[in-house]
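Me: I have just opened this entry and would like to go through a few parts of it with you. Could you take my questions one at a time?

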Amino acid sequence: QVQPVESGGGSVQAGASLRLSCATSRRTFDSYALGWFRQAPGGEREREFVAAISVSGTNTYYADSVKGRFTISRDNVKNTLYLQMNNLSPEDTAVYYCSADLAYSDYVRDFDYRAWDHWGKGTLVTVSS
């Protein structure tokens with residue numbers, strides 16, 4: 001069963017750092033590309049892509065808004081996905097979701113959340129100014 005489980009959210013001041021984690025099964029880790037998406041509180045804005053990583057971990061992808069501040073990585077021993085978030089700003093406030101998408105290559109080609117198959121329940125990140 002593919003069921004990502006996120007952790008690590010919280011409330012921080014602008015400029016602070018947080019690291020999100022996403023635990024998955026061994027099967028998921030071996031066969032799925034993994035990604036982070038977020039949705040601002042209130043649900044008026046659509047879920048947006050944040051970062052993704054290919055099955056092997058070789059290829060990483062970032063939204064322009066987080067490039068240079070966030071780093072996605074995966075630990076193949078612990079079957080865990082991470083998102084290191086540095087220099088957070090109030091605009092980063094959102095529920096962050098971990099997602100898995102069955103991979104047919106070592107590339108991620110679709111960053112629309114509707115194309116991704118499996119989702120965690122999310123973890124809330126709140127950044128105050």
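Me: Leaving aside neighbours within four places in sequence, which residues is serine 54 in contact with?
Reply: Bearing in mind that this is a predicted model, serine 54 is in contact with Ala33, Asn59, Arg74, Asp106, Tyr107 and Val108, once neighbours within four places in sequence are left aside.

Me: And where is serine 54 found?
Reply: Serine 54 is found in the loop that lies between β5 (48–53) and β6 (60–62).

Me: Is serine 54 buried or exposed?
Reply: Serine 54 counts as buried, because its relative accessibility is 1% and the cut-off for buried is under 20%.

Me: OK, switching to alanine 100, what strand is that in?
Reply: Alanine 100 has its place in strand β9, which covers residues 94–102, and with 0% relative accessibility alanine 100 counts as buried.

Me: What does alanine 100 touch, not counting residues up to four places away in sequence?
Reply: On that count, alanine 100 touches Val2, Thr28, Tyr32, Ala33, Leu34, Trp116, Asp117 and His118. As for alanine 52, which is 48 residues apart from alanine 100 along the chain, the two C-alpha atoms are separated by 9.4 Å.

Me: New topic: what is the order of the open sheet of 4 strands?
Reply: The order is β1-β3-β8-β7, and the pairing is antiparallel. Its edge strands, β1 (5–7) and β7 (70–75), each pair on one side only, while the twist from one strand to the next averages 20°.

Me: How many bridges join β3 to β8?
Reply: There are 6 bridges between strand β3 (residues 18–23) and strand β8 (residues 80–85), which run antiparallel, and leucine 18 stands opposite methionine 85 in β8.

Technical notes. Residues numbered from 1 in each chain as written. Predicted model: local features only at pLDDT ≥ 70, side-chain atom pairs only at ≥ 80, totals over all residues. Heavy atoms only, no water. Pairing = 2+ DSSP bridges. Helix = DSSP H or I, 4+ residues; strand = E, 2+ residues; numbered from the N terminus. Axes fitted to C-alpha atoms, helices over the stretch in contact; angles between N-to-C directions. Buried < 20%, exposed > 50% of the residue type's maximum accessible area, 1.4 Å probe, protein only. Contact = heavy atoms within 4.5 Å.
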